[in-house]
Amino acid sequence: MSNLLKKLGWKWILMIVVDAGLLAVLAVLWWLSEVTPFRAGDMLFPVQRAAEDGRIALQGDPLKRAQMSFSQVERRLADLSMSRDIEHVNASVLALDDALSNAIKMISQVPSEDMEGLYDQAKLVLMRAELVVEGVKERLDSQELTDLQDKIIALEQASSIAEFQTLASKPVKTSQEIA
């Protein structure tokens, strides 16, 4: 072992250890973006969300990036539907709103021949979102949830892609912003 250290030198060994550590971190981030074990409001959710956002950003194809963004919206809908208390509901609402706004923004980045299909996909996601929000409101209600519901209804009623994009970019206000 000591001969190997002498041949390679400490700098090379250190570089190999650092590279292995970085690969381990990347593997964990990829796993988090794929498995999504945490829900909005959990302590490690921001790390998972950053991993998901990074994975979407690294996708080179705009259509696949948009599709991945809509998959992220579906995961946030699942998070909202499984919310246990009002804190998780509010955190889920904000995470869903952000994911929805980003996904709708991605529509403008795809080739024009793919826009209509993504617009239709967005409308279907909005219908599911409306059902989820109504179901959660029966158990737990908050101002953020009501504001998200209003935004979803406005998006469903949008008559053009431009109006759709404009409405999507307006974030749901939090209780702290209202107070």
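Predicted model: local features only at pLDDT ≥ 70, side-chain atom pairs only at ≥ 80, totals over all residues.
Glu52 has a relative accessibility of 1% and counts as buried. Both residues belong to a network of salt bridges that also takes in Arg39, Arg76 and Asp79.

The overall plan of the chain gives these pairs a setting. The protein chain holds eight helices and zero strands. Of its 179 residues, 35% are buried. The accessible surface comes to about 10300 Å², and carbon and sulfur atoms account for 63% of that area. Among contacts between residues at least 6 apart in sequence, 64% join residues at least 24 apart.

The count of salt bridges comes to nine. One of them joins Arg84 and Asp42, whose closest N and O atoms are 3.6 Å apart. Arg84 lies in the loop between α3 and α4, and Asp42 in the loop between α1 and α2, so the pair ties together parts that are 42 residues apart in sequence. Arg84 is exposed at 53% relative accessibility, while Asp42 is partly exposed at 21%.

A further salt bridge, between Asp97 and Lys151, has an N to O distance of 2.5 Å. Because Asp97 is in helix α4 and Lys151 in helix α6, this bridge ties together parts that are 54 residues apart in sequence. Here both partners are buried, Asp97 at 3% relative accessibility and Lys151 at 10%.

With a relative accessibility of 16%, Lys123 counts as buried because the cut-off is under 20%. Even so, Lys123 has no salt bridge, and the nearest side chain of opposite charge, that of Glu156, is 7.5 Å away. That distance does not qualify, because a salt bridge needs the nitrogen and oxygen within 4 Å. Leaving aside neighbours within four places in sequence, Lys123 is in contact with Leu155, Glu156, Gln157, Ala158 and Phe164. Lys123 and Ala158 are 35 residues apart in sequence, with their C-alpha atoms 9.8 Å apart.

The largest nonpolar core has 34 residues, and Leu80, Leu148, Leu155 and Phe164 touch the most other members. Helices α3, α4, α5, α6 and α7 each give two or more residues to this core. Not counting residues up to four places away in sequence, Leu155 touches Leu100, Ile104, Lys123, Leu126, Phe164, Leu167 and Ala168.

Helix α7 shows how such packing can be arranged. Its buried residues are Phe164, Gln165, Leu167 and Ala168. They cover an arc of only 165° around the axis, which puts them on the same side of α7. These buried residues pack against α4, α5 and α6.

Finally, helix α6 also holds Glu144, which is buried with a relative accessible area of 4%. Glu144 and Lys173 are 29 residues apart in sequence, yet their C-alpha atoms are 6.7 Å apart in space.

How values were computed. Residues numbered from 1 in each chain as written. Heavy atoms only, no water. Buried < 20%, exposed > 50% of the residue type's maximum accessible area, 1.4 Å probe, protein only. Lys, Arg positive; Asp, Glu negative; His and termini not counted. Contact = heavy atoms within 4.5 Å. Helix = DSSP H or I, 4+ residues; strand = E, 2+ residues; numbered from the N terminus. Arc of directions from axis to C-beta. Core = buried A, V, L, I, M, F, W, Y, C linked by side-chain atoms within 4.5 Å. Areas by Shrake-Rupley, 256 points an atom, 1.4 Å probe, with all protein chains shown as cover.
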